[in-house]
Amino acid sequence: MAAMPAKGHRVAYPFLLALALAACDHGGPPRIVEPRLTDAPAPRGAALLRHTMLDGQNAERARLGLPPLAWDEDLATAARGYAGEMARTGRFAHAEQPQGPGRQGENLWTGTRAAYRYDEMLGHWLAERRFYVDLPTPGFSTTGRWQDASHYSQIVWRATQRVGCAMVSNRGNDFLACRYLPPGNVVGQTAY
């Protein structure tokens with residue numbers, strides 16, 4: 001496990017975020033530390049999280065002419081449970097889920113506790129747009145690595161109708177999880 005950043009610093013993933021998030025099961029690249037602009041903690045709260053995640057993802061979907069997602073409290077509960085598990089164990093990896101019915105789409109994010117606003121967390125996923133092309137899964141990344149655009153593709157997956165997100169923190173890190181139904185990133189299909 002990487003050493004925790006010094007107080008007054010935050011973990012930054014601007015260039016490597018897609019790799020870090022997509023490599024959840026592989027430990028990801030080393031943490032990168034950059035100076036924080038402020039020592040004030042980022043604003044928090046369930047209502048702010050819901051508003052930011054739903055409105056931000058729907059704004060991107062609207063930009064592409066896709067129908068909006070609806071907030072789903074059952075998905076938010078599932079996301080909260082899994083974010084809590086990551087916070088307890090410190091293991092940043094996608095949840096083991098069954099194939100077929102009952103499977104949920106999942107986007108994960110982690111960073112230094114209270115260092116990032118919700119819109120910054122979502123912005124890291126949306127920044128994957130630069131690597132995304134609307135080709136069948138898994139060939140939707142200009143880098144040749146589907147993991148570099150998989151969070152973005154889940155957000156803009158046309159068939160996805162519902163989303164629920166939650167964040168849980170431990171002493172050093174925030175763990176954000178969003179769950180989606182129906183899930184995206186279906187092999188052989190395009191997002192939109």
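Helix H2 is followed by glycine 65, whose phi is positive, near 75°. The structure is a predicted model, in which local features need pLDDT of at least 70, side-chain atom pairs count only at pLDDT 80 or more, and totals for chains, interfaces and linings use all residues. Residues are numbered from 1 along each chain as its sequence is written, and side-chain values use heavy atoms, with hydrogens and water left out. Helices (H or I, at least four residues) and strands (E, at least two) are DSSP runs, numbered from the N terminus.

The pLDDT is the predictor's confidence in each residue, from 0 to 100. Its mean over the protein is 85, and 80% of the residues reach 70 or more. Over residues 1–29 the pLDDT is below 50. This stretch still has 73 contacts (heavy atoms within 4.5 Å) in the model, beyond near neighbours in sequence.

H2 covers residues 46–63. Its expected span is 1.5 Å times one less than its number of residues. For 18 residues that gives 26 Å, and the end C-alpha atoms are 26 Å apart, which agrees.

A nonpolar core is a set of buried Ala, Val, Leu, Ile, Met, Phe, Trp, Tyr and Cys residues joined through side-chain atoms within 4.5 Å. The largest has 30 residues, of which Met53, Met121, Trp125, Val163 and Leu176 touch the most other members. H2, H4, H5, S5 and S6 each supply at least two residues of this core. H4 gives the most, with five. Leaving aside neighbours within four places in sequence, methionine 53 is in contact with Trp71, Tyr118, Met121, Leu122, Trp125, Cys165, Leu176 and Cys178. A second, separate core of 12 residues includes Ala83, Met86, Phe92 and Ala177.

Four strands form an open sheet in the order S3-S5-S6-S4, with mixed pairing. Strands pair if DSSP finds at least two bridges between them. The edge strands, S3 and S4 (105–112), each pair on one side only. S3 and S5 pair in the parallel sense over two bridges. Alanine 70 stands opposite arginine 162 in S5. Helix H3 (residues 73–89) lies across S3, S4, S5 and S6. H3 runs at about 30° to S5, with axes fitted to C-alpha atoms, for helices over the stretch in contact, and angles from 0 to 180 degrees between N-to-C directions.

How values were computed:
Buried means under 20% relative accessible area, exposed over 50%, partly exposed in between (1.4 Å probe, protein chains only).
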